[in-house]
Amino acid sequence: MVRKLSPEEQPWCIDKETGEPIINKGVQNVCIDKSTICYIDGYHSKLFYRGYSIEDLAKYSNFEETTFLLLNGYLPTKNELEDFKTKIINEREIPDKVIDLLKMIPRDIEPMEMLRTAVSYLGNLDPERHDISRDGFYNKAIRLIAKMPTIVAYFYRIINDKELVHPNDGMNHAENFLYMFLGRDLEEIEKDAIDTAFVLYAEHEMNASAFTTVVIASTAADYYSSIVGGIGALRGPLHGYANVEAMRQFNEIGSVDNVEKWFKEYILTKKKRLMGFGHRVYRSYDPRAKIFRQYAEKLAKMRGGKILEIFKIANKLEEVALSSPLAEKGIYTNTDYWSAIVYGALGVPTDFFCTLFAISRVVGWTAHILEYTENNRIIRPRLFYVGEVEKEYIPIDKRT
Ligand code: ACO
C-alpha cells in the first residue's frame, strides 16, 4: 500500500527533542575531520596556512615554499626547499601525447573543461599510475603540481596558433607559468604578482572543490580521479569560476557612470548575485581580496587603458555594494573579485582565470587528501526521504 514514511522510520535524521528532521542543506558548519592545514576566522578577516598568516606568506614566502609547507606541515630548510624546487622543475614538461590531446580539444571550450580532460589523460600516462602507496601518491602530486601550468600555457598557445614556449629551468614556478603562457620575460612586478596570486589561491580549507577531492579519495580511488573531481567543482561560477564571472560583470557594466544604475537594477531589484562577493565562511572582507586589491590597483595604474577603466568600475561597484543591504547581511568582497583584475592586468584572457586558480589550488586539494586519508573513513551522508514507498509497479503498457 503506497504510503509516506513516518519520522520514526528515519530516526538518524530526527531531532529527538523537536521531532523535526535535521537537514543541513549545503553542509554549513559541519566539521568532517580534525585538521592542521588551514584556519579561517571569517568574522575577523583572518586566514592561516599551517598557522602562518596569509599576509606573512604573501609577503615573505613564495609558491614553492608555501607548497612544501602545506604538504609537509612545516617550513622547509634551505636544502629541503632547493631539493623540492628541483623536483618540480624536473617534472614540468608534459608528454607529447598530452600535447596531441590538447590539439584535438575544441578551441571554443571553457579552458577548465580542457584542464579536466587533460589532467585525466595525464593520469593515464603517469609512470606510477598503479602505485597506490603514500610515496606513490606524493610523487604523483609533485608531478601534477609541476605539469598543470604547462598544460594551461600550451593549450592557450595552441588555440591561438602560437609556438609552444617550453619550461625555463631558471624561473620559479609562477614566473615560469606566465612566461610559457605569454611567451615573454616578465617585469619584476608581474613576477611578484603572479607568485603572490599562486600563494593566495593555494589553499582554503574544506571548500566545495576540496570536499569533492576528499569525498573521491575517501572511496580509496586514485589521486587523479580526486583532482579531476576537484577541477569539476571549481569550474562552477559559485566557486572558482567567480573570477571569470566577476570580470564579465565589470565588462557588462561598461562604465563607472553605469555602476549605481546597474547595481540597483540587477542586484537589488532582479536579485542577481554580485560575482566576487559573498562567502560561506567570511562575514567580513576576505583577507586575500585585500592583498589582491593592492596588486590590482598597482598593475591597473601601470597599464592604463581598458584595464584601468575596469579597475575604476570594480572600485566604484565595491564602494556601492559595501554600503548596500548586502554588507548588512555579511556579504563582502571575496578573493575572486580583485584577482580578476590582477589576472586581466597580467594579460591573461578572462576565460583562463579559473585555470590559474586550479594550478594553485591543486596544492590544497592534495594536502587535504593526504590528511583525510591518513586515517580514512568513506564519506557517506544521508538524505531525509519525503517521497512515497511501497508503490505498486505498473507495467509500461498499462500506464496512462
Ligand atoms: N550577491 C547577492 N546576494 C548574495 C550574494 C551575492 N554575491 N551572496 C549571497 N547572497 C545572498 C543570497 O541571495 C541569500 O539571500 P536570501 O537570504 O535573501 O535568500 C543570502 O545572501 C545567503 O546566500 P547563500 O547562497 O545561502 O550563501 P551561501 O553561503 O550558500 O553562498 C556563495 C556563498 C555561493 C559564495 C554566495 O555568496 C555567492 O553566490 N557569491 C557569488 C559567487 C562568488 O563570488 N563565489 C566565489 C566564492 S569564493 C570562492 O569560492 C573562491
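Analyst: Gladly! Contact here means heavy atoms within 4.5 Å, and helices (H or I, at least four residues) are DSSP runs numbered from the N terminus. This is a predicted model, where local features need pLDDT of at least 70, side-chain atom pairs count only at pLDDT 80 or more, and totals for chains, interfaces and linings use all residues. Residues are numbered from 1 along each chain as its sequence is written, and side-chain values use heavy atoms, with hydrogens and water left out.

User: Which residues of α2 and α3 meet?

Analyst: From α2 come Glu 64, Glu 65, Thr 67, Phe 68 and Leu 71, and from α3 come Glu 80, Leu 81, Phe 84, Lys 85 and Ile 88. By class, this contact has five nonpolar, one polar and four charged residues. Ala, Val, Leu, Ile, Met, Phe, Trp, Tyr, Cys and Pro count as nonpolar, Asp, Glu, Lys and Arg as charged, and the others, Gly among them, as polar.

User: How do I describe two packed helices?

Analyst: Give the angle between their axes and the distance between the axes. Axes are lines fitted to C-alpha atoms, for helices over the stretch in contact, and angles run from 0 to 180 degrees between N-to-C directions. Helix α2 (residues 63–72) and helix α3 (residues 78–90) have axes that cross at roughly 100° and come within 10 Å. α2 is therefore roughly perpendicular to α3. Angles of 65 to 115 degrees count as roughly perpendicular, under 35 as roughly parallel, over 145 as roughly antiparallel and the rest as oblique.

User: At what angle do α4 and α5 pack?

Analyst: Helix α4 (residues 96–104) and helix α5 (residues 111–125) pack at about 155°, with axes 10 Å apart, so they are roughly antiparallel. Their contact includes Leu 101 of α4 and Tyr 121 of α5, and by class it has eight nonpolar, one polar and one charged residues.

User: And how is the size of an interface often given?

Analyst: As the accessible area lost when the parts come together. The domain assignment, automatic or from a database, gives domain 1 (38–237 + 354–374) and domain 2 (242–345). Between them, domain 1 and domain 2 bury about 2200 Å², 63% of it on carbon and sulfur atoms; buried area is the accessible area (1.4 Å probe) that two parts lose on being put together, summed over both. Ile 189, Leu 200 and Tyr 201 supply 24% of the area that domain 1 buries against domain 2, more than any other three residues.

Note on methods:
Helices (H or I, at least four residues) and strands (E, at least two) are DSSP runs, numbered from the N terminus.
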